[in-house]
Amino acid sequence: MMAVTEELQNVPPEKLVVAGVSKWFRTSRADVHALDNVSLNVREGEFVCLVGPSGCGKSTLLNIIAGLEQPDAGQILADGQPVTGPGRERMMMFQESALFPWLDVLDNLLFGLKLKPNLKRHERREVAQFYLKLVGLEKFMHANIHELSGGMKQRVALARCLAPNPRMLLMDEPFAALDALTREQLYGDIQRIWEKRKKTIVFVTHNVREAACLGDRVVLFSPHPGRVQEEFTIGLPRPRDINSVELAKYSTEITRALKRHLKPEAAEVAE
Amino acid sequence: MKRWLWAGLFFLVLAGIWEWLVRREIWSPVLIPSPLDVARYLVESIRDKSLLQAGYITMKRLLLGYIVGLVLGLPLGLLNARFKLLEDTVGIVALGLQTLPSVCWAPLALLWFGQTETAMFFIVIMGSLWSIVIATDTGVRNVPPIYARAARTMGSRGLHTWLKVILPASLPFIVSGMKQGWAFAWRSLMAAEIYVTILTGFGLGHLLHYGRELHAMDAVIAIMLVIIVIGLLADKILFSPWEKFLHRRWGTARN
Ligand SMILES: Nc1ncnc2c1ncn2[C@@H]1O[C@H](COP(=O)(O)OP(=O)(O)O)[C@@H](O)[C@H]1O
Ligand SMILES: [Mg+2]
């Protein structure tokens, strides 16, 4: 632990430092070793994708980064500060939208903004409308959540995460429940928004192609216990097309590495 | 508009047949009064204020008792859901008492409070409280944890999370619990009023009781009609807006 802190004083602070994080889940039936000594650095404005088969601790790591869960060992530094709890500098987006059904679209966006101090009423509204426009849903400002399609819900959820202007976005398989066409649209949207708003993004997925399409860097996880195995830098210009041939080269390479690191019984990973 | 027309026509025809059956003495007027007699009683008792007075007293008992039930029940339900110890103690009591028709409290209530308003309030509170406690508890337990997690990342904490996330998220359960509590309280209050004389005021139940004693079946039927109307109005005024809100927001089927 000391070594990590000392080391940090010599290098310029990273946006996010995951330092030797381990996590166990103790239940009555079993002791699950979810994360084993995971370390990871993320630069300001970087788009990092974490890939690995389900159960390898990706969500757990994201929750710990968000401050929703505590690590059993190691620590998280965001802008050089230890993370002790959730905070709006690190906004999280989930696989299900987690939008509040008792509020309409606009009020969902305002929920986080109302918790932000020093914002006047009309300013909150302007900010909310700006982000709704950014995700192309300003017309649905007063729609109810159940009236939106899956893709629209995730767009609203994205806008809700962006509205309080967090420095970092944590996304936990946000597009996994969507159909392929909607997903492709959202790949475009998220890249466009990322470039425009200059966010640092940690994006979790079990889809290798998705990771290669979105990430500056792809970090490969292996399960039981969850460990970082390998990292890939994706040197492709943006915006990237998920169906391009160059992208396929990267995703093939990552998939091959994935299979190498997996025990044979867990080798089924979505393309 | 057209629906109202049909409904009005239907009830007019029904009253017509009823009147005809009584006039032809196919139905004995001793057992069933004519609708005109019922209407006459209604007009008279409204004019001499006896019916209004009784209606006012009954509604006061019901509403005040229900509000107390709500004010106690909501926080108690939330606390039950929050603390395991309460769930295992108060929760079990609530579950048991919810199955007890609250008019069964009448003997004890009379012993404790005498033939007073307090006894009636007590019965109404016992009728509504437990349904509301259980519904709130169940509602909170059924809130997807992801809502609270999302709220926490947006900076919501403690009481704010409970009031702005957990409580509204459990509304579908709470509203149906409130409805059930209302129905239990209303039925038990009527039963109590019919069988127990309360010295501080005569409610609709008492009027019904006297109607029977005096064998004034026109009064009995008129009061029954008033009780039905109050039930319908309560549903429209108290619960319809909530149900419309739930339907609009959650997109659930209207029942
Ligand atoms: N709250 C929990 N209690 C017990 N075990 C858990 C809990 N959360 C996650 N796990 C276990 O930890 C491991 C990692 O889970 P998770 O982080 O959800 O993986 P992933 O997101 O990569 O699919 C799994 O084996 C899972 O069963
Ligand atoms: Mg997961």
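Me: Helices are DSSP runs of H or I with at least four residues, and strands are runs of E with at least two, numbered from the N terminus. Which helices of chain B each supply at least two residues of the nonpolar patch?

Reply: Those are α3 (50-82) and α11 (217-250). This is a predicted model, where local features need pLDDT of at least 70, side-chain atom pairs count only at pLDDT 80 or more, and totals for chains, interfaces and linings use all residues. Residues are numbered from 1 along each chain, chains are lettered from A and ligands numbered from 1 as written, and side-chain values use heavy atoms, without hydrogens and water.

Me: What makes L63(B) partly exposed?

Reply: Buried means under 20% relative accessible area and exposed over 50% (1.4 Å probe, protein chains only), with partly exposed in between. L63(B) has 34%, so it's partly exposed. L63(B) sits in α3 of chain B, and belongs to the nonpolar patch with, among others, L64(B), I67(B) and V229(B).

Me: What does the span of α6(B) (residues 117-141) say about its length?

Reply: The rule is 1.5 Å times one less than the number of residues. That gives 36 Å, and the end C-alpha atoms of α6(B) are 36 Å apart, so the two agree.

Conventions: Patches are made of residues with over 30% relative accessible area and no salt bridge: like charges are joined within 9 Å, nonpolar side chains (Val, Leu, Ile, Met, Phe, Trp, Tyr) within 5 Å. Accessible areas come from the Shrake-Rupley method with a 1.4 Å probe; for residues, only the protein chains shown count as cover. A salt bridge is a side-chain nitrogen of Lys or Arg within 4 Å of a carboxyl oxygen of Asp or Glu.
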